[in-house]
Amino acid sequence: MNIKEKDSAFIAHTYGRFPLVIKEGKGSVAYDENGKKYIDMATGIAVNAFGYCDDEWAEAVTKQLSTLQHTSNLYYTEPCVNLAETLCNRTGMSKVFFSNSGAEANECAIKAARKYAKDKKGEDFFNILTLKNSFHGRTITTLAATGQDTFHKDFLPLTPGFVYTEANNIADLEDKVRNNKIAGIMFELVQGEGGVMPLKKDFVNKIFELSSELDIVTIVDEVQTGNGRTGDLYAFMKYGIKPDVVTTAKGLGGGLPLGATMLCEKLADIFTPGDHGSTFGGNPVCCAGALSILNRIDDELLKEVTAKSEYIVGELSSSSGVLSVDGLGLMLGVTTKRPVDEVVKECMEEGVLPIKAKQKLRLLPALNIPWDELKQAVKIIKTVCER
Ligand SMILES: *Cc1c(COP(=O)(O)O)cnc(C)c1O
C-alpha cells in the first residue's frame with residue numbers, strides 16, 4: 001500500500017486531505033514524495049511561524065530535547081517559567097496556564113470565566129456569549145462555543161450555557177448581553193475558519209463597554225491571530241483593547257503542540273491547586289521552542305509582516321481574477337472570481353500551497369517568508385485567478 005492507501009485504511013476519516021504527501025521542508029519551501037518543490041503559503045494552518053525546520057527554533061528544541069524532555073507539572077522546570085514570564089512581560093497579562101492546543105486553551109478560559117462569575121455574581125451566571133460564524137475548537141465544550149450549526153449537528157447535546165450573537169451587530173450584542181446571565185464573552189478578532197473576517201472596531205469597543213459595565217470576562221481567542229500573525233504580537237494590541245483572558249496556540253509552538261491561556265490581574269488567582277491541569281501542558285521542549293519564536297517576533301519582524309501583507313493585498317486586490325481581499329497581516333482571505341477549489345488545485349499544480357477558509361482562498365505564509373519566494377507565489381496565485 002502507498003501512503004494514501006494506508007491513510008485511507010488505518011486513519012479515521014475526519015479530514016478532507018489534498019492529494020499530496022509532504023515529505024520534507026525547509027523555510028517556506030516544501031517537497032513532496034517525488035521531490036517536487038512547493039512554496040508554502042499556509043504553514044500548517046498558521047503553525048510553522050518561521051517555516052519548516054527553522055534552524056534557530058530547531059536548535060532550541062533539540063537542545064532541550066537532549067536535556068529534559070518531560071517531567072510532569074508536579075515539578076518545576078525552567079523553559080515553561082521563562083516562557084510564561086516572556087508572555088506576561090510582552091502582553092501585560094499576569095499569569096499563564098499552558099496546555100497543548102487551541103481547544104484546550106479555550107476550555108481553560110471558559111473555566112476561568114465561569115469560576116469568576118460564580119464567585120462574583122452567583123451560580124446562574126454561567127453563560128458564555130460567542131459569535132455566529134466563530135471557531136473555537138473541536139471538544140464538546142469548544143464546539144458549543146463555536147457558533148456554526150454545521151459543526152454541531154451530529155454531536156448533540158453539547159455543553160450547555162452558550163449564547164450566540166451576530167458578529168458586528170451591536171444591537172444583537174446588547175440584546176444578548178442584557179437578556180442572559182453572562183459570565184464571559186469569547187471571540188476571535190479575525191474570524192479565521194469563518195472566512196478571515198476581521199471584527200469592526202466599534203463592535204469590539206461595545207463588547208468592552210458592556211463587559212466593564214456588567215463585570216463580564218472578555219476572552220479573546222488568539223489561537224490563530226496571535227504570535228505576530230496580524231502584524232502585531234497579538235491582534236488585541238492592534239485593536240487597542242485590554243482583554244481579561246487571551247488564548248493562543250498554533251504559531252506559539254512554531255510546529256510543536258502548545259496552548260496558552262493568559263489571565264489578567266483580576267483573574268490571576270482564579271485557579272487554585274486542583275482546579276485545572278494538563279499532563280503535557282508546559283512541556284519543556286515545546287516551551288523552549290516557543291521562547292525562541294517569541295524572542296524573534298520583534299518590531300522589525302512585525303514591520304516586515306505588515307509590509308508583506310501590504311504587498312499581497314496590493315497585488316491581489318488589483319487582479320482581475322480577485323473580487324476582494326480580507327484579513328489582517330499575513331492572515332488573508334481572498335475571494336476569487338473562479339471557484340476556490342479550482343484555484344487551490346491549480347496553484348498546487350504550479351507549486352504553491354494555499355488553503356481555504358469557507359469559500360475563500362486563505363493565505364498564511366511564514367512570518368519570515370523571503371521576498372523572492374513570496375513574489376513568486378503571489379505571481380502564480382494571480383495567474384491562476386486570472387485564467
Ligand atoms: C485552530 C483554532 C482553534 C482550535 O485549535 P486546536 O489546536 O485545533 O485545538 C481554536 N480557535 C481558533 C481561533 C482557531 O483558529
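Start with T71, S72, N73, G282 and P284: of the 13 residues lining the largest cavity, these lie nearest its centre. A cavity here is a set of points, on a 1 Å grid over the protein atoms alone, where a 1.4 Å probe fits but cannot get out, and lining residues have an atom within 4 Å of a point. About 60 Å³ of space lies in this largest cavity, where a volume is the space filled by probe spheres set on the points, joined across faces, edges and corners. By class, the lining has 4 nonpolar, 9 polar and no charged residues. For those classes, Ala, Val, Leu, Ile, Met, Phe, Trp, Tyr, Cys and Pro count as nonpolar, Asp, Glu, Lys and Arg as charged, and the others, Gly among them, as polar.

A word on ground rules: this is a predicted model, with pLDDT of at least 70 needed for local features and 80 or more for side-chain atom pairs, while totals for chains, interfaces and linings use all residues. Residues are numbered from 1 along each chain as its sequence is written, and side-chain values use heavy atoms, leaving out hydrogens and water.

A pocket is an open set of grid points with protein on both sides within 12 Å along at least five of seven lines. Now colour α4 (78–91) and β4 (95–99), the elements that give two or more residues to the lining. β4 gives the most, with 4 residues. Helices (H or I, at least four residues) and strands (E, at least two) are DSSP runs, numbered from the N terminus. The lining splits into 13 nonpolar, 9 polar and 2 charged residues.

Next, zoom to the ligand. Which residues are around the ligand? Select S101, G102, A103, N106, F135, H136, G137, E188, D221, V223, Q224 and K250; a residue counts if one of its heavy atoms lies within 4 Å. Helix α5 (residues 102–121) supplies the largest share of this shell, 3 residues. Then draw some distances, taking a polar contact as a pair of N or O atoms within 3.5 Å:

- K250: a polar side-chain atom lies 2.6 Å from a ligand oxygen.
- G102: a polar backbone atom is 2.8 Å from a ligand oxygen.
- F135: a polar backbone atom is 3.3 Å from a ligand nitrogen.

On its own the ligand has 380 Å² of accessible area, and the protein covers 82% of that (Shrake-Rupley method, 1.4 Å probe).

Strands β2 (residues 29–32) and β3 (residues 37–40) run antiparallel, joined by 3 bridges; two strands pair if DSSP finds at least two bridges between them. Pick Y31 and you'll find K37 in β3 opposite.

Two backbone stops to finish. The L156 to P157 peptide bond is cis, with omega near 0°, and P157 sits in the loop between α7 (149–152) and β6 (162–165). Finally, V196 has a positive phi of about 55° although it is not a glycine; look for V196 in the loop between β8 (190–191) and β9 (197–198).

Technical notes
Polar contact = N/O pair within 3.5 Å; in protein donor to acceptor, adjacent residues only side chain to side chain.
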